[in-house]
Amino acid sequence: MAMRVYIGDVKKEVGRTAREILEETFDPFSVFGEKVAFSSPVKVNVVLTNCGSELLGEGKVQTELVLTCSRCLEPFVLSFEGALRFEFRNLDLIVRPSDVEAEAEEEGVRYFRDDDTSVDITREVWEVIFMNFPMKPLCDAACLGLCPSCGGNRNRVLCRCRVDTEDPRFQVLKKWKSG
Ligand SMILES: [Zn+2]
Ligand SMILES: [Zn+2]
């Protein structure tokens, strides 16, 4: 499940751009102690630009994740989209080795060589997924969650428990009545 993007043409001359579209099946991963699966392949749509000593990539990562709603605890599929940006510097154009060491300290600096026809962006794609991962996933912004009394899923069952706390449905009703 490595993602490699073709750079064979774009690297030929400064100023050249190329759009690359990739698709790859990713294995499940763990985040916040929970296992998350992909319900569709990871798609990358990126425009590469040859900026001279570096190749710039800008685009997006799209996929679908199977998550657990933090309110009603039901699994749901989230359409995921995150912005992707990366930079690969040409190692053969770097004269002083100390530059490489200095840059290695910087975050996100990657290198390619004149002979390379592709670069591995797997790490960058994972970073986009983790950085845009929802802390409190919701199956729906209006998810009613579980009833604190009977534990029923209030999206499905209208239980007869008395709810003392403000229920979002009552707020809607109030607005409708006063409006
Ligand atoms: Zn929910
Ligand atoms: Zn209830």
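User: Which strands do the buried residues of α2 pack against?

Analyst: In this predicted model, the buried residues of α2 pack against β4 (34–50), β5 (54–68) and β6 (75–90).

User: Which residues of α2 are called buried, and what makes them so?

Analyst: Helix α2 spans residues 122–131, and its buried residues are Glu-124, Val-125 and Val-128. The term requires 20 or more other C-beta atoms within 10 Å of a residue's own, so each of these three reaches that count.

User: What does the face turned away from the buried side carry?

Analyst: That face carries Arg-123 and Phe-130, both exposed. Exposed means 12 or fewer C-beta atoms within the cut-off distance, so Arg-123 and Phe-130 each stay within that limit.

User: With which residues is Val-125 in contact, leaving aside its neighbours within four places in sequence, and why is the word "contact" used?

Analyst: They are Met-3, Val-42, Val-44, Val-61 and Leu-84. The word applies because the C-beta atom of each lies within 7 Å of that of Val-125.

User: Which residues have the most contacts inside the largest nonpolar core?

Analyst: That core has 19 residues, and those with the most contacts inside it are Val-5, Ile-7, Val-44, Ile-121 and Val-125. Two or more residues come from each of β4, β5, β6 and α2. The largest share, 5 residues, is that of β4.

Notes. Residues numbered from 1 in each chain as written. Chains lettered and ligands numbered in written order. Predicted model: local features only at pLDDT ≥ 70, side-chain atom pairs only at ≥ 80, totals over all residues. Helix = DSSP H or I, 4+ residues; strand = E, 2+ residues; numbered from the N terminus. Contact = placed C-beta atoms within 7 Å. Core = buried A, V, L, I, M, F, W, Y, C linked by C-beta atoms within 7 Å.
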